[in-house]
Amino acid sequence: MMQSTTLTWLIGASSGIGEALTDALDKPNHTLLMSARSADKLEQIAASTAKGERVALPLDITDSAQCDGVVAQVKETYGCVDRVVFNAGTCEYMNGDALEQDAIERVLQTNFLAITALTNQVLPLLLESVKQGRTPQLVFVGSSVTYLALPRAAAYGASKAALRYFAESIYNDLIHLGIDVRMVSPGFVKTPLTDKNDFPMPFLLSAEEAAERIASGLRGNRFDIHFPRRLTWLLKGLNALPIRWRFALTTKSSRLHS
Ligand SMILES: NC(=O)c1ccc[n+]([C@@H]2O[C@H](COP(=O)([O-])OP(=O)(O)OC[C@H]3O[C@@H](n4cnc5c(N)ncnc54)[C@H](OP(=O)(O)O)[C@@H]3O)[C@@H](O)[C@H]2O)c1
């Protein structure tokens with residue numbers, strides 16, 4: 001099926017950065033498919049004024065039967081997709097002496113395994129876009145936590161580090177097929193996810209600022225879209241230190257440090 005409009009599928013569109021992205025990505029002749037578990041919230045966003053079309057597609061990415069159904073529905077209705085943004089994510093913090101295996105599995109399931117499975121399912125839809133002469137984007141929202149291993153972030157950081165490696169690895173192959181893989185690594189952004197944090201969040205951005213930076217990064221050509229740069233360059237710089245020096249700094253922020 002030939003398309004005259006472009007189509008983005010935003011997964012994790014119901015709150016925070018994703019909700020703000022529904023505005024930042026909005027433009028005429030553009031269809032935005034919006035997924036998340038909160039169907040009411042998606043319907044509310046779909047009903048709000050926009051330049052392009054917005055369609056609510058409720059989905060729990062950890063439910064493989066739901067994924068099968070929604071991917072089939074997208075294929076049947078649209079035939080191809082020009083951009084998939086995997087923004088869905090969850091976070092659970094824990095101290096290193098109180099690791100919770102259930103929580104680790106929950107976080108890895110949502111932030112990594114469900115996304116790799118769905119990536120596999122959306123690839124044919126992106127390849128259809130290539131056949132129509134476009135360069136589709138496959139976008140993963142990770143975190144700047146992957147630049148420096150911090151205490152309490154063992155589950156969250158590991159899930160996002162796995163996602164980064166996955167994205168970088170498949171980039172090497174998909175670039176040859178015409179698919180443009182991107183990694184987004186935000187610093188702290190004020191959202192329902194971070195509203196529960198009980199520690200200082202330096203250089204905190206609003207969800208709208210974060211969404212604008214993502215949208216602008218996607219219009220550019222850099223693989224790694226990271227912000228705010230004063231935080232992300234600091235983390236990258238610290239990560240380049242010998243590990244003994246790094247630990248000398250990061251162990252001090254452990255809650256077990258007296
Ligand atoms: N906020 C930050 O400081 C920050 C920093 C770095 C990276 N990030 C990343 O940015 C992304 C967005 O986070 P946020 O801060 O905007 O948090 P948020 O407001 O909690 O948004 C998370 C989004 O993911 C969706 N989601 C969660 N589990 C899902 C599931 N099983 N199936 C489908 N959708 C699911 C949520 O929708 P439902 O609950 O309706 O399903 C929601 O739309 C996440 O990947 C997060 O790790 C955030």
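Between which helix and which strand does the loop holding Phe-203 lie? Phe-203 sits in the loop that runs between helix H6 (192-195) and strand S8 (205-206). The structure is a predicted model, and its protein chain contains nine helices and nine strands.

**Overall dimensions and surface**

- For 258 residues, a compact globule would have a radius of gyration near 18 Å, and the protein chain agrees with this, since its own value is 18 Å.
- The C-alpha trace of the protein chain spans about 60 × 40 × 30 Å along its principal axes.
- Of the 258 residues in the protein chain, 48% are buried.
- The protein chain exposes about 12700 Å², and 54% of this area is supplied by carbon and sulfur atoms.
- When contacts between residues at least 6 apart in sequence are considered, 67% of them join residues at least 24 apart.

**Packing of helices H3 and H4**

- Two packed helices are described by the distance between their axes and by the angle between those axes.
- Helix H3 (residues 64-78) and helix H4 (residues 101-131) have axes that come within 11 Å and cross at roughly 10°.
- Angles under 35 degrees count as roughly parallel, and H3 and H4 are therefore roughly parallel to each other.
- On the H3 side, the contact is made by Cys-67, Asp-68, Val-71, Val-74 and Lys-75, while H4 contributes Leu-118, Gln-121 and Leu-125.
- The residues of this contact between H3 and H4 comprise five nonpolar, one polar and two charged.

**Backbone features in loops**

- A cis peptide bond links Phe-227 to Pro-228, with omega near -10°.
- Pro-228 belongs to the loop between strand S9 (224-227) and helix H8 (229-239).
- Arg-152 is a residue other than glycine with a positive phi, near 75°.
- The loop that holds Arg-152 lies between strand S5 (137-141) and helix H5 (154-174).
- Phe-203 is also a residue other than glycine with a positive phi, here near 55°.
- Phe-203 has 34% relative accessibility and therefore counts as partly exposed, the range for that class lying between 20% and 50%.

**Ser-185 in strand S6**

- Ser-185 is placed in strand S6 (residues 180-186).
- Because its relative accessibility is 0%, Ser-185 counts as buried.
- Neighbours within four places in sequence aside, Ser-185 is in contact with Gly-142, Ser-143, Ser-144, Tyr-147 and Arg-164, and also with Asp-224, Ile-225, His-226, Phe-227 and Thr-232.
- Phe-227, one of these contacts of Ser-185, is the residue from which the cis peptide bond runs to Pro-228.
- Ser-185 and Asp-195 are 10 residues apart along the chain, and their C-alpha atoms are separated by 19 Å.

**Ile-45 in helix H2**

- Ile-45 forms part of helix H2 (residues 39-47).
- With a relative accessible area of 5%, Ile-45 is buried.
- Apart from neighbours within four places in sequence, Ile-45 is in contact with Ala-13, Ser-14, Glu-19, Thr-22, Met-34 and Arg-54.
- Ile-45 and Val-55 are 10 residues apart in sequence, and the distance between them in space is 8.9 Å, C-alpha to C-alpha.

Methods
Residues are numbered from 1 along each chain as its sequence is written. This is a predicted model: local features need pLDDT of at least 70, side-chain atom pairs count only at pLDDT 80 or more; totals for chains, interfaces and linings use all residues. Side-chain values use heavy atoms; hydrogens and water are left out. Axes are lines fitted to C-alpha atoms, for helices over the stretch in contact, and angles run from 0 to 180 degrees between N-to-C directions. Helices (H or I, at least four residues) and strands (E, at least two) are DSSP runs, numbered from the N terminus. Angles under 35 degrees count as roughly parallel, over 145 as roughly antiparallel, 65 to 115 as roughly perpendicular and the rest as oblique. Contact means heavy atoms within 4.5 Å. Ala, Val, Leu, Ile, Met, Phe, Trp, Tyr, Cys and Pro count as nonpolar, Asp, Glu, Lys and Arg as charged, and the others, Gly among them, as polar. The radius of gyration is taken over C-alpha atoms; the globule rule is 2.2 Å times the number of residues to the power 0.38. Buried means under 20% relative accessible area, exposed over 50%, partly exposed in between (1.4 Å probe, protein chains only). Accessible areas come from the Shrake-Rupley method with a 1.4 Å probe; for residues, only the protein chains shown count as cover.
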